[in-house]
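Reader: I am new to this structure and would like to know what stands behind the words used for it. Please show it first.

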Amino acid sequence: IRVLLANLYDFDPKDDSVPKARLLEVDRWALAKYADAAERIVKAYDDYDYPAIFQIANQLITVDLSAFYVDVTKDRMYTFGAKSEARRSGQTAMFTIVEGLARLLAPILSVTMDELWRLLPGAREESVHMALFPRDLEQWKDAALIERWAQLAAVRDQVNLQLEEKRKDKTITANLSARVVLEADGETAQLLSEYEGFLPTLFGVSEVIFKPSSPQALKASVERAEGTKCDRCWRYVPAVSAEPERTGLCPRCVEALAEPVSL
């Protein structure tokens, strides 16, 4: 929750929110997971099933948000242009989720959630204890999206095992110093080809090479990435800038820093 809140320091929900139709897919996935959990938490309150409230919230926060969503969005949130729609998309999802969690957890963590409530951007009730549970959850629900991303998360888990092995044997020093080579067939190959451009972000590496192959189980191998390390985002790229004040930066970071800064 502190990570989500920290990413909202320059976000105004009234002016900066991105419409659902333009949200990035991973942000819509996070909102779908949140909506599913929130709906079950509200039902658990209605049923006085307090252990279920903790279990559902714990799963959402530790597994779906902390171990996955925050990890795969950190590059976008920290290195993209501050006002870029991609970053605002992430902030829109994070705001919706953390504001909803404040409401849902207020009966249990009453003081902490009220403190959080006062730190959230935007106008709202004076206290979280004067606010209602989230009621607009249906708009975020998407079972097909959750299922598709469960498959992507399973591939990510397998790649993470390989990355861990290569960190141990010093082939790579960190995930961003890695290049991942994937081979797959059938439905997995089709899924990976659809998300090929997103795979480096999904795995937190600098490059992914995907090779459709003859029928076999998914195969992932990890090599050291080639190229030059960007001084700002730490990705390995084919070339960095040599221009004054942009020396050592990749083209994406040069573009991000070109955005006017409002003081």
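Author: Start with R87, which counts as buried because its relative accessibility is 2%, and buried means under 20% relative accessible area, with exposed over 50% and partly exposed in between (1.4 Å probe, protein chains only). This is a predicted model, in which local features need pLDDT of at least 70, side-chain atom pairs count only at pLDDT 80 or more, and totals for chains, interfaces and linings use all residues. Residues are numbered from 1 along each chain as its sequence is written, and side-chain values use heavy atoms, leaving out hydrogens and water.

Reader: What makes the place of R87 a helix?

Author: R87 is in helix α5, residues 85-105. Helices are DSSP runs of H or I with at least four residues, strands are runs of E with at least two, and both are numbered from the N terminus. The protein chain has 10 helices and 5 strands.

Reader: With which side chain does the side chain of R87 make a polar contact, and why is it called that?

Author: The partner is the side chain of D10, at 2.9 Å. A polar contact is a pair of N or O atoms within 3.5 Å; within protein, one must be able to donate a hydrogen and the other to accept it, and residues adjacent in sequence count only if both atoms are side-chain atoms.

Reader: Why is Q91 called buried?

Author: Q91 has a relative accessible area of 0%, so Q91 is buried. Q91 also lies in helix α5. Not counting residues up to four places away in sequence, Q91 touches N7, L8, D10, F11 and M77, where contact means heavy atoms within 4.5 Å. R87, leaving aside its neighbours within four places, is in contact with residues including N7, D10 and M77.

Reader: Is S241 buried or exposed?

Author: S241 is buried, because its relative accessible area is 15%. S241 sits in the loop between β5 (236-237) and α10 (251-257). The side chain of S241 reaches the backbone nitrogen of E243 at 3.1 Å.

Reader: How do you know that the radius of gyration of the protein chain agrees with that of a compact globule?

Author: The radius of gyration is taken over C-alpha atoms, and the globule rule is 2.2 Å times the number of residues to the power 0.38. With 263 residues, a compact globule would have a value near 18 Å, and the protein chain has 20 Å, so the two agree. Buried residues make up 43% of the 263 residues.
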